[in-house]
Amino acid sequence: MSGWIVFITFWTVAIRLWVVDGPKVPLVFITLWIIGFLLFPRLGWSGYLFLSYEAVLAAILLVIERYKSAMP
């Protein structure tokens, strides 16, 4: 269940930031997400490690989105 929450949070914030501020920052984070999604299974790492990685990306993206929305 927590995996879905992180997944939905990441993509919701990425899309919202894309609409409000343009594609530059969300594209970087989406690229990092895709790299992690493809690389973690190939290295044989646990899905829980990818979940942690995704949560960190979502948290950083959320902080950036909140900062950008607070700017005049």
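This is a short chat about a predicted model of one chain.

Trainee: What should I know before reading the model?
Mentor: It is predicted, so local features need pLDDT of at least 70 and side-chain atom pairs count only at pLDDT 80 or more, while totals for chains, interfaces and linings use all residues. Residues are numbered from 1 along each chain as its sequence is written, and side-chain values use heavy atoms, with hydrogens and water left out.

Trainee: How many helices and strands are in the chain?
Mentor: Three helices and zero strands. Helices (H or I, at least four residues) and strands (E, at least two) are DSSP runs, numbered from the N terminus. The pattern along the sequence is α-α-α.

Trainee: What does the C-alpha trace span?
Mentor: About 45 × 25 × 15 Å along its principal axes.

Trainee: Take H3. What span should its residues have?
Mentor: Helix H3 covers residues 47–70, and at 1.5 Å a residue its 24 residues should span 34 Å. The expected span is 1.5 Å times one less than the number of residues. The end C-alpha atoms of H3 are 34 Å apart, which agrees.

Trainee: Which residues in H3 are buried?
Mentor: Phe50, Glu54, Leu57, Ala58, Leu61 and Glu65. Buried means under 20% relative accessible area (1.4 Å probe, protein chains only).

Trainee: And what covers the buried residues of H3?
Mentor: The cover includes helix H1 (2–21) and helix H2 (24–42).

Trainee: What caps the N-terminal end of H3?
Mentor: Ser46 does. One of its side-chain oxygens lies 3.0 Å from the backbone nitrogen of Tyr48.

Trainee: Back to the chain. What share of the residues is buried?
Mentor: Buried residues are 25% of the 72.

Terms used
Buried means under 20% relative accessible area, exposed over 50%, partly exposed in between (1.4 Å probe, protein chains only). Contact means heavy atoms within 4.5 Å. A polar contact is a pair of N or O atoms within 3.5 Å; within protein, one must be able to donate a hydrogen and the other to accept it, and residues adjacent in sequence count only if both atoms are side-chain atoms.
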